[in-house]
Amino acid sequence: MAAHQEKKLAEERKHQNMQNGTKTSQGQWGRAWEVDWFSLASILFLLMFAPLIVYYFIMSCAQYQCSLTDPLLDLLTGNKHLSDIWERTPMLTYRAAGIYSLWVTFQVVLYMYIPDFCHKFLPGYMRGVQEDAVTPAVVNKYQINGLQAWIITHVLWFANASCLHLFSPTIIFDNWIPLLWCANILGYAVSTFAMIKGYFFPTNAKDCKFTGNFFYDYMMGIEFNPRIGKWFDFKLFFNGRPGIVAWTLINLSFAAKQQELYGEVTNSMILVNVLQGIYVLDFFWNEAWYLKTIDICHDHFGWYLGWGDCVWLPYLYTLQGLYLVYHPVQLCTAHALGVLLLGLLGYYIFRATNHQKDLFRRTNGNCRIWGKRPEHIECSYTSVDGTKYYSKLLTSGFWGWARHFNYTGDLMGSLAYCLACGFGHILPYFYIIYMAILLTHRCIRDEHRCSSKYGKDWERYTAAVPYRLLPGVF
């Protein structure tokens, strides 16, 4: 029971970390050691209401034509009772369970057993074994082959739609709510398994963090990198597969349903498929870069990632396509072009900003950004063992405009998805509201971490780049 021994040492580690004036590179790994009242209240709220939010949105489309107010009005006025709504909700079916089981199993096989081939015909694609996420126990290694899994999956999807005809392209939409129950079962099962594993048989006991609060540990996770065997990494698999691979398939199924119901696919549905497809392809093309993001480098694997990747992501990130099945919107040319340009501009800013930072890191600043040698702030921090380390914070290019300008591009793309749906309902705009809250929280969370790590050097950096997201505004 190595994890139990590690739990006893947790208090000693927290005390040791607090004795150091500056946090360490290892002291900074993973989530917090302690829980404040606001974090606990937020976690309890999400555990109780996030599943209900997902159900409410999907039910509103299925029973109320995507109106978010009509179900509440029906309940408040007594026209309907909760039991009436529940009785009209499709239950779990053997068909949906079979579809979902085959889907997850197929993605596991692609993740674990199919050697990467994309590098043979795609110059510049980074794949294979990559290293990142340093913790006290290990330098984590990851097997990168997500782009290949996405390509194989979609080639088979189009082959079936065009000539094999083994199942209808509308199969996902037709089983959307029964599949929701399957996704919930997997999300809760993997989150619970990850917590039990962290207590009794962790992959690396030193990579476990215990707060003593059951709800926080269940939500945010105990193990930093739970694995089965050498390569099945829970975080990498569930973050990218099966949810993000499914994202584009879900949109394609919605488009097929629109064609079946109305005899055409609207330009708004095409825009949603194209713009979100670009985002998904970018994710898998840059899967090695994704290893440097907060999800991999700092988050532990708990309900937040396990249930979130199985349920929240595929069901709420695809609301625009679902809405357009019930409300087919044919945009005027100017509106459609405006949405396309906003989405492409947002993607360009998102990708170019991340590329600038990656280039600066890879070359240790020996590069050119916008035709000039990049400016930066020299920073230092001290580890628990007293070793001093040095870093450079970029203040040129987009990183001189705002400290998180990549998030600005992400928000522009998110807004474009929503605008493609017109202005008939608020439901498709949930995504931009959610992303604005999520990314603003990530800004604050990341900056709190950096402020603790770099101290006065971080103050120099924020003085040089005073805005977080919007230059001149925020």
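## Cysteines and disulfides

The cysteine sulfur closest to that of Cys379 belongs to Cys450, and at 8.8 Å it is too far away for a bond. This is a predicted model, and a disulfide is counted in it when two cysteine sulfur atoms lie within 2.5 Å. A disulfide is a covalent bond between the sulfur atoms of two cysteines. Searching the whole structure gives 0 disulfides.

Where do the cysteines sit, buried or exposed? Cys379 is buried, at 1% relative accessibility. Cys443 is also buried, with a relative accessible area of 0%.

The whole structure contains 51 aromatic pairs. One of them joins Phe214 and Tyr218, whose rings are stacked, with 6.0 Å from centre to centre and 10 degrees between the planes.

How does each one count, buried or partly exposed? Phe214 is partly exposed, at 48% relative accessibility, whereas Tyr218 is buried, at 11% relative accessible area.

## Charges over rings

Which residues place a charge over an aromatic ring? Arg351 is one of them: its charged end sits over the ring of Trp289, 5.3 Å from the ring centre. Lys453 is another, lying over the face of Tyr381 at 4.4 Å from the centre of that ring.

Key
Residues numbered from 1 in each chain as written. Predicted model: local features only at pLDDT ≥ 70, side-chain atom pairs only at ≥ 80, totals over all residues. Heavy atoms only, no water. Phe/Tyr/Trp six-rings, centres within 6.5 Å; stacked < 30°, edge-to-face > 60°. Buried < 20%, exposed > 50% of the residue type's maximum accessible area, 1.4 Å probe, protein only. Lys NZ or Arg CZ within 6 Å of the ring centre and 35° of its normal.
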